[in-house]
Structures are given as structure tokens and as C-alpha cells.
Amino acid sequence: MKNLIRIIILLFVFSCTNQNQPKDDRLNFNVKIKPEQIYTVTTNNSYSTEVRYEGKEKAMNKLRSMGVKNPNILSRSSQTTMLLKTEKVLDNYIPVRLEIVKSSGIDGQTDISQGLVVNGESTGGNMPEFSSIVSGKSPVMDEKLFLQSLQGSFSRLNLPEKRLKPGEEFTIESTITIPMEKSHVEIAVATIYKLKSVEDDIANFEISQNYQMSQLRMDNSFAGVGEGSGKLIYNAANNMVTLFEMKSRLEINKKLENFLFVLKTKSEFLQKIEISKK
């Protein structure tokens with residue numbers, strides 16, 4: 001009888017302890033590659049760059065005589081569809097094979113990368129590292145350079161693991177360097193991911209970017225401003241980002257001896273990922 005009373009008391013205490021413990025309702029944000037999956041990755045990337053010189057008419061005439069186009073505006077866009085297929089786990093890595101199903105660039109023309117098949121692997125579920133082109137390689141293609149570029153297309157998905165509630169945020173810092181006359185400009189980019197909502201394992205993030213610029217040679221001849229904004233959708237059940245959208249702009253002014261040099265850039269990036277079983 002005494003043993004029965006002890007058991008009842010222990011069960012009661014355990015039940016009360018469980019009820020008093022707060023439920024962890026934070027989102028487990030953890031982007032990972034999973035085995036035996038097919039990831040269909042569609043990317044649209046576009047940018048425009050304007051280079052302009054401002055100055056007195058005499059200086060402008062000199063530029064014209066040298067054949068310098070002013071302003072000089074350049075626009076580019078590209079669209080890519082890739083299939084990333086993952087195999088069964090071997091030790092601590094997952095073999096992957098990526099096929100570039102569609103790739104187009106200027107004026108919608110087919111890019112030489114279309115049809116390529118690439119091998120690689122994912123260690124610990126991290127974004128894959130690509131090692132070799134196994135078919136479809138063009139004789140004029142630099143394989144090492146192409147694999148580095150391909151690696152970069154997955155770099156936005158290299159995000160830290162976080163536990164977040166709506167309203168909380170985390171920041172990723174990076175640096176861009178732009179060569180300038182007898183100097184260079186360093187741009188410190190802070191990308192802030194703020195969790196807005198979570199419903200049915202789908203998390204919506206708001207993205208903002210802040211730019212801070214500094215010049216190696218500080219002579220008050222440089223000024224710059226930049227910003228970015230976008231959104232990210234995360235599928236918690238599949239541990240994968242299904243949408244990443246970012247728009248950004250940057251303007252740099254540099255006083256030269258006879259001119260004011262103005263550089264303006266705008267870019268738009270949209271990546272969608274669909275997930276299915278092999």
C-alpha cells in the first residue's frame with residue numbers, strides 16, 4: 001500500500017512538473033540538404049550598371065574626343081533551372097548530382113552551361129561542394145572557374161542554425177571590395193533576417209541590407225550609399241529555403257581631378273526551390 005502511494009505521488013509530481021515547463025514554440029531554422037531528394041532550383045538574376053562623368057564643358061569635350069560614352073549603361077539578366085539529386089548517406093556525406101536543365105543569358109540566348117551534369121557531395125547536410133563536370137562540358141569552358149561560380153549560386157543558402165520567435169532576427173556580415181583609382185572601396189554589408197510569421201511549418205522572413213563604405217585613402221573625395229530589401233520563405237518540415245528574393249541598389253561618387261565619377265548599380269535576385277522524393 002505504501003509503495004502504491006509513493007508511485008501515485010511520483011506520478012503527480014512528474015505531471016505537475018511537465019505542465020509547469022514552458023513549451024518551446026520557437027522556430028528551429030536549420031537549412032540542410034537531405035538524402036534521396038530532388039531539389040528543383042529556379043534562379044532569375046538581373047542587374048543594371050550606370051557609369052557617368054560630370055564636369056565642366058571643357059572636360060566633357062575631352063571625354064567625347066577620347067570616345068568615352070557618357071553615360072554608359074549596361075544591363076544583364078539570366079535565368080537558370082537546375083535539378084539537384086541527392087543519394088543515400090555514405091558515412092557523414094551525401095553524394096549529389098546536379099543537372100543544368102535550362103540556362104539563358106543575354107536576349108534569352110542559350111548559355112553554354114545548359115545540359116551540364118556535375119558531381120559533388122554534401123557534408124553533414126551542408127550546401128554541396130561540386131568537384132567535377134561529368135558530361136556536357138564545352139571545350140572552351142574553364143572547369144575550375146565554372147565550378148566556383150556554381151558554388152556561389154548556393155552561397156545564399158549557407159545560413160546559420162537559429163531558434164527564433166516571430167519578431168526576432170539574426171545578422172550575416174560580409175565585405176565587398178571595389179577597385180578605384182589608386183585606391184579601393186570596401187563595402188561592409190549587414191544582411192538582417194527578421195522572422196515575421198510561422199504557420200503550418202512555413203516561416204516568412206523579412207530581409208534588409210545595410211551598407212557601410214570606407215575608402216583606403218581618406219581624402220574626402222568619396223561618397224557612397226546603398227541598401228537592399230527582400231524576403232525569404234523557409235519550409236521547416238524539409239529544412240529548406242523555398243524562396244529567396246532580394247533587390248538592392250548602390251551608388252558611389254568619386255571626385256577625380258577634372259570630373260565627378262558616378263557609379264550606380266541595381267540588382268534583382270529571385271530563387272525558388274521545389275522539393276520532391278526520388
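Predicted model: local features only at pLDDT ≥ 70, side-chain atom pairs only at ≥ 80, totals over all residues.
Residues are numbered from 1 along each chain as its sequence is written, and side-chain values use heavy atoms, with hydrogens and water left out.

**Around Ser208**

Ser208 belongs to strand 10. Show contacts next (heavy atoms within 4.5 Å). Setting aside neighbours within four places in sequence, Ser208 touches Ala190, Thr191, Ile192, Gly228 and Ser229. Now pick Tyr193: from Ser208 to Tyr193 is 15 residues in sequence and 6.9 Å in space, C-alpha to C-alpha.

**Zoom out**

Colour by secondary structure and you get three helices and 13 strands in the protein chain. These are DSSP runs, numbered from the N terminus: helices are H or I with at least four residues, strands are E with at least two. The chain has 278 residues, and 33% of them count as buried. Of the contacts between residues at least 6 apart in sequence, 59% join residues at least 24 apart.

**Follow the strand pairs**

Two strands pair here if DSSP finds at least two bridges between them. Select strand 3 (72-86) and strand 4 (93-104). They pair antiparallel over eight bridges, with Thr86 bridged to Val96 in strand 4. The hairpin between strand 3 and strand 4 has six residues between the strands, and there Asp91 takes a positive phi near 55°.

Strand 2 runs antiparallel to strand 3 over 14 bridges, and Val51 stands opposite Asn72 in strand 3.

A hairpin of four residues joins strand 12 to strand 13.

Carry on to strand 11 (residues 222-235), which pairs with strand 12 (residues 240-255) in the antiparallel sense over 14 bridges. Glu227 is opposite Arg249 in strand 12. In the hairpin of strand 11 and strand 12, with four residues between the strands, Asn239 has a positive phi near 50°.

**Into the cores**

A nonpolar core is a set of buried Ala, Val, Leu, Ile, Met, Phe, Trp, Tyr and Cys residues joined through side-chain atoms within 4.5 Å. Which residues have the most contacts inside the largest nonpolar core? Select Phe29, Phe130, Phe146, Phe154, Phe205, Leu232 and Tyr234, in a core of 40 residues. Then centre on Tyr234: beyond its neighbours within four places in sequence, its contacts include Phe29, Phe205, Asn239 and Met240. A second, separate core has 11 residues, among them Ile178, Val189, Phe222 and Phe261.

**Cavity and pockets**

On a 1 Å grid over the protein atoms alone, a cavity is a set of points where a 1.4 Å probe fits but cannot get out; a pocket is an open set with protein on both sides within 12 Å along at least five of seven lines, and lining residues have an atom within 4 Å of a point. Grid points are joined across faces, edges and corners, and a volume is the space filled by probe spheres set on the points.

There is one cavity of 30 Å³ or more. The largest cavity has about 40 Å³, and its lining is Ile33, Tyr39, Val41, Leu84, Met127, Phe154, Leu157, Met240 and Ile273.

Next, the largest pocket, with about 780 Å³ of space. It is lined by 27 residues, with Asn45, Ser78, Thr80, Ser149 and Ser153 closest to its centre. Strand 3 gives the largest share of that lining, five residues.

Last stop: the second largest pocket, about 560 Å³ in volume. Its lining also has 27 residues, and those closest to the centre are Arg156, Ile176, Gln209, Tyr211 and Ser248. Strand 10 is one of the strands that supply at least two residues of this lining, and strand 10 is where you found Ser208.

Key. Buried < 20%, exposed > 50% of the residue type's maximum accessible area, 1.4 Å probe, protein only.
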